[in-house]
Amino acid sequence: MRGALLAAAGVLLAASAVLAQDPDLARRQAEAAAAIAGRAEEETVLAEGEGRSEVFAYCTVCHNTALIRRSAFTRDRWDELMDWMAEKHGMNPLEGEFRQAIVDYLATHYGPRQRGPRGGNPFLD
Amino acid sequence: MTQQGGPERSVHELYRDDPERADALAWGRRGVLKGAALAAMGTALGGTIPFARQMPAGLLPAALAQGQGGPQFLEMEGKARLILQGERPLNAETPEHLLDDDVTPADKFFIRNNGSVPEAVADPRTWKITIDGEVNTPIELTLGDLERRFELVTRRLQMECGGNGRSGFSPQAAGNQWGNGAISCAEWTGVRLRDVLRAAGAKDSAKFTGHHGADSHLSAQGPAISRGMRIEKAMDEDTIIAIRMNGAPIPQMHGAPTRLMVPGWPGSLSQKWFTRIELRASPHSGRGMGGTSYRVPVRPIVPGSRNNGADFADLESMPVRCVLTSHAHGARLPTGTRALDLRGQAWAGDLTVSAVHVSVDFGATWQAMTVNPPPNRHAWQRWTGRVALPSDGYFEVWYRATDSNGRMQPHVAANWNPQGYGANPISRAAILVG
């Protein structure tokens with residue numbers, strides 16, 4: 001009985017040693033996150049069109065293009081987001097022709113689309 | 001854009017060679033971009049890739065290809081194959097069928113970041129948190145102090161992104177297009193926040209909290225996010241300062257070495273890399289508070305319309321929702337399959353789930369499933385049940401939970417708001433028999 005208890009305690013100790021965080025894993029995860037966040041993107045990941053260079057250069061200062069590519073907004077909503085980013089996220093306010101070029105590009109290439117929340121049907125190509 | 005430096009030089013090259021100068025040339029500004037933002041600009045344009053050389057093989061996302069179409073997936077040591085919502089900030093959703101565990105393991109825990117992931121700390125025991133504001137005695141505690149001075153509690157707590165379900169909104173709302181997978185129910189160990197607040201001598205004037213963490217905004221200017229809540233939620237017995245997840249130190253991606261756990265309310269309140277909580281007489285004003293952030297209309301607005309959110313109210317207890325974990329969306333089953341043994345999880349913010357119903361005929365008829373009680377308050381609940389199928393062919397499993405107040409998931413996402421909070425429509429998983 002006592003031997004069994006000791007053995008059990010040994011197993012528990014071993015288990016807790018396994019559970020103790022591998023400090024190296026924490027470091028590797030932080031570095032992996034930074035690596036993913038810092039992964040180079042090419043401008044061509046965005047739809048071709050007038051204003052693409054400006055959009056790519058200006059927007060990717062703070063976030064990568066996934067945020068653009070997943071979006072499907074009307075011109076008015078895109079325009080509203082420019083103010084929101086300036087007010088809430090410290091973006092340099094966009095004004096005048098430059099703002100128009102950016103919003104035009106986004107509205108033209110990332111406008112509303114008809115898709116269900118899960119995209120197309122999984123059984124169709 | 002006033003691009004200078006000759007037409008033969010692209011903006012890429014300009015930034016790659018000298019980002020600071022390029023920034024000055026391109027935008028007529030100097031010193032706007034600093035530190036990480038400057039590096040990020042260089043990085044985005046192909047200049048440098050931080051950590052590229054130290055990066056062990058296998059840490060790159062699987063879907064390096066920049067193709068359109070299907071979802072991309074995260075590949076990271078210690079994490080399952082999560083759906084990549086975005087790289088910067090890094091966000092990844094757990095596919096519903098990976099949420100089958102009653103206690104969410106670290107690898108299947110969704111990733112939500114507003115800013116950058118801080119570097120790992122060398123000695124977690126020396127990590128300090130501060131309690132100040134409307135208290136008699138502002139205090140500073142190390143993690144060691146926390147464990148020594150306060151009672152440790154262990155609870156299974158569901159925690160969900162405030163934007164979970166956002167992809168259900170039409171027209172599209174801004175933000176990560178989460179399905180139902182920004183949800184977790186891990187087993188957390190920590191100390192009750194209320195015990196710590198009482199130790200600091202919370203004053204009667206303390207009506208709200210403000211939370212602070214170590215992650216910085218992607219622009220490198222200020223904190224990534226800093227939200228707060230009503231004091232009543234801070235005093236709830238299930239609101240804890242967590243120091244362990246599933247019996248192990250909290251993983252780096254999930255807020256090591258300590259984070260708040262505010263179960264049932266938007267996950268942004270569960271501050272990761274937690275450093276400070278202030279008690280306040282007025283609502284907190286940090287990044288992520290006010291306007292349309294984590295707020296929903298009190299008087300419903302026209303979907304897609306412009307609104308600054310001034311009349312909105314903070315989203316607090318999350319709405320009822322369930323996931324189907326036994327069958328993946330798009331599962332194909334053998335010819336002749338005539339019954340489905342279904343299972344999943346259900347939860348309802350501060351409430352409990354009283355029922356889960358399933359339909360395999362597009363909502364014409366519904367069948368009640370069995371719902372287990374939660375193992376403790378604020379834990380999600382297992383549901384199971386069997387449904388019959390009349391034939392081979394294409395079916396959709398529709399699944400719908402009802403909370404303890406009798407409110408069920410609506411047929412479509414309700415109460416549209418610009419940033420897309422609180423969407424909990426009935427979910428549909430497609431299956432093909434034969």
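**Figure 1. Confidence along chain A of the predicted model.** Helices (H or I, at least four residues) and strands (E, at least two) are DSSP runs, numbered from the N terminus. The mean pLDDT of chain A is 82, with 80% of its residues at 70 or more. Over residues 1–20 of chain A, pLDDT stays under 50. For that stretch the model has four contacts beyond four places in sequence. Contact means heavy atoms within 4.5 Å. This is a predicted model, in which local features need pLDDT of at least 70 and side-chain atom pairs count only at pLDDT 80 or more, while totals for chains, interfaces and linings use all residues; side-chain values use heavy atoms, with hydrogens and water left out. Residues are numbered from 1 along each chain as its sequence is written, and chains are lettered from A and ligands numbered from 1 in the order in which they are written.

**Figure 2. Helix α6 of chain A.** Helix α6(A) covers residues 96–109, 14 residues in total. From first C-alpha to last, α6(A) reaches 20 Å, close to the 20 Å expected at 1.5 Å a residue. The expected span is 1.5 Å times one less than the number of residues. Which residues of α6(A) are buried? They are Phe98(A), Arg99(A), Ile102(A), Val103(A), Tyr105(A) and Leu106(A). Seen down the axis of α6(A), these buried residues fall within an arc of 155°, so they line one face of the helix. The arc is that of the directions from the helix axis to the C-beta atoms. An α-helix has 3.6 residues a turn, so residues three or four places apart point the same way. On the other side of α6(A), Gly96(A), Glu97(A) and Thr108(A) are exposed. Buried means under 20% relative accessible area, exposed over 50%, and partly exposed in between (1.4 Å probe, protein chains only).

Figure 3. Chain A has six helices and zero strands. Its elements run α-α-α-α-α-α from the N terminus on. Of its 125 residues, 42% are buried. Helix α3(A) (residues 52–59) is mostly covered, with seven of its eight residues buried. Those buried residues are Arg52(A), Glu54(A), Val55(A), Phe56(A), Ala57(A), Tyr58(A) and Cys59(A). Among contacts in chain A between residues at least 6 apart in sequence, 61% join residues at least 24 apart. The accessible surface of chain A is about 6700 Å², and 57% of this belongs to carbon and sulfur atoms. Accessible areas come from the Shrake-Rupley method with a 1.4 Å probe; for residues, only the protein chains shown count as cover.

**Figure 4. Arg39(A) in its loop.** Arg39(A) is found between α2 and α3 of chain A. Is Arg39(A) buried or exposed? At 14% relative accessibility, Arg39(A) counts as buried. Asn64(A) is 25 residues from Arg39(A) along the chain, and their C-alpha atoms are separated by 9.1 Å.

**Figure 5. Nonpolar cores.** A nonpolar core is a set of buried Ala, Val, Leu, Ile, Met, Phe, Trp, Tyr and Cys residues joined through side-chain atoms within 4.5 Å. The largest has 42 residues. Leu74(B), Leu90(B), Ile131(B), Leu146(B) and Ile241(B) touch the most other members. Helix α2 (residues 23–37) of chain A gives the most to this core, with four residues. Beyond four places in sequence, the contacts of Leu90(B) include Ala33(A) and Ile36(A) from chain A. In chain B, Leu90(B) contacts residues including Leu74(B), Met76(B), Leu84(B) and Met253(B). A second, separate core of 24 residues includes Ala346(B), Val353(B), Val358(B) and Trp383(B).

**Figure 6. Phe312(B) and its contacts.** Phe312(B) sits in the loop between β13 (295–296) and β14 (313–314) of chain B. Phe312(B) counts as buried, at 7% relative accessibility. Thr292(B) is 20 residues away in sequence and 7.1 Å away in space, C-alpha to C-alpha. Not counting residues up to four places away, Phe312(B) touches residues including Arg295(B), Val298(B), Ile301(B), Asn417(B) and Pro418(B).

**Figure 7. Chain B and its confidence.** Chain B has six helices and 23 strands. Of its 434 residues, 54% count as buried. The mean pLDDT of chain B is 87, and 84% of its residues reach 70 or more. Over residues 22–68 of chain B, pLDDT stays under 50. The model has 100 contacts beyond four places in sequence for that stretch.

Conventions: pLDDT = per-residue confidence, 0-100.
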